[in-house]
Amino acid sequence: MRKMTVSFVSDNLFQSTGWDAAISCFTLEAEPTTNVSSLGVTPGSTSITINSFTRGNGQNRLLLMKQGSAVNFNPVDGVEYAVNNNFGSGTNLGGTGTYAVYKGNDTNITINNLLPGTTYYVSIIEYNGANTSTNYRVPGATTFWTTASMATEPTQPSSSIVIDTRTAN
């Protein structure tokens with residue numbers, strides 16, 4: 001059991017009137033005890049598909065992603081995060097360059113809006129509950145990958161092009 005103390009302070013030593021306080025307490029769901037493992041990833045040049053993994057024991061997963069270095073943000077229990085599977089289009093969590101790109105319980109997840117030939121880091125965090133009862137298992141399972149590079153653009157234009165306009169009979 002946790003003890004909560006609420007104090008009200010007034011400038012007036014003799015009389016304090018008009019105080020109005022609302023205190024809300026929420027119960028968190030049980031925290032998962034097992035993380036995701038055996039992650040299977042298929043990187044493209046501008047997207048990534050997580051196409052298999054062994055689930056942990058949470059009801060859902062939150063996928064956090066960061067470009068260039070390890071995810072350095074942990075979600076706060078009791079807070080549910082908005083997600084956007086177009087990397088960089090959602091909220092920059094804690095100003096760290098980490099974005100919430102997926103939440104749910106699918107095993108086939110595609111993230112778009114990535115740069116070719118770039119390393120991305122992920123943290124997949126198991127959780128139970130929703131809204132104010134959300135309870136995250138942190139730290140999550142982590143990994144990284146590099147998106148495929150695009151073909152190099154030619155440096156010289158084509159020359160001596162022959163167009164055959166004959167048709168077969």
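I started with burial: of the 169 residues of the protein, 28% count as buried. Buried means under 20% relative accessible area, exposed over 50%, and partly exposed in between, with a 1.4 Å probe and protein chains only. This is a predicted model; local features need pLDDT of at least 70, side-chain atom pairs count only at pLDDT 80 or more, and totals for chains, interfaces and linings use all residues. Residues are numbered from 1 along each chain as its sequence is written, and side-chain values use heavy atoms, with hydrogens and water left out.

Next I took the surface. The protein exposes about 11100 Å², by the Shrake-Rupley method with a 1.4 Å probe. Carbon and sulfur atoms supply 48% of that area.

I then listed the secondary structure. I found zero helices and nine strands. Helices (H or I, at least four residues) and strands (E, at least two) are DSSP runs, numbered from the N terminus.

I checked the contacts (heavy atoms within 4.5 Å). Among those in the protein with a separation of 6 or more, residues 24 or more positions apart account for 66%.

Which residues touch the most other members of the largest nonpolar core? I got Leu63, Met65, Phe87, Val101, Ile111 and Leu114, in a core of 17 residues. Such a core is a set of buried Ala, Val, Leu, Ile, Met, Phe, Trp, Tyr and Cys residues joined through side-chain atoms within 4.5 Å. The elements giving two or more residues to this core are β2 (48-54), β3 (60-67), β5 (98-104), β6 (109-111) and β7 (119-128). A second, separate core has nine residues, including Phe73, Ala100, Ile125 and Tyr127.

β1 (residues 37-43) pairs with β2 in the antiparallel sense over five bridges; pairing needs at least two bridges found by DSSP. The two form a hairpin with four residues between them. Glycine 40 stands opposite serine 52 in β2.

Glutamate 126 sits in strand β7. I count glutamate 126 as buried because its relative accessibility is 0%. A polar atom of its side chain lies 3.1 Å from the backbone nitrogen of glycine 56.

Last, I took threonine 134, in the loop between β7 and β8 (135-136). Threonine 134 also counts as buried, because its relative accessibility is 0%. Beyond its neighbours within four places in sequence, its contacts include Leu28, Asp77, Val79 and Tyr127. The C-alpha atoms of threonine 134 and glycine 78 are separated by 4.7 Å, although the residues are 56 apart along the chain. The side chain of threonine 134 reaches the backbone oxygen of asparagine 131 at 2.9 Å.

Technical notes
A polar contact is a pair of N or O atoms within 3.5 Å; within protein, one must be able to donate a hydrogen and the other to accept it, and residues adjacent in sequence count only if both atoms are side-chain atoms.
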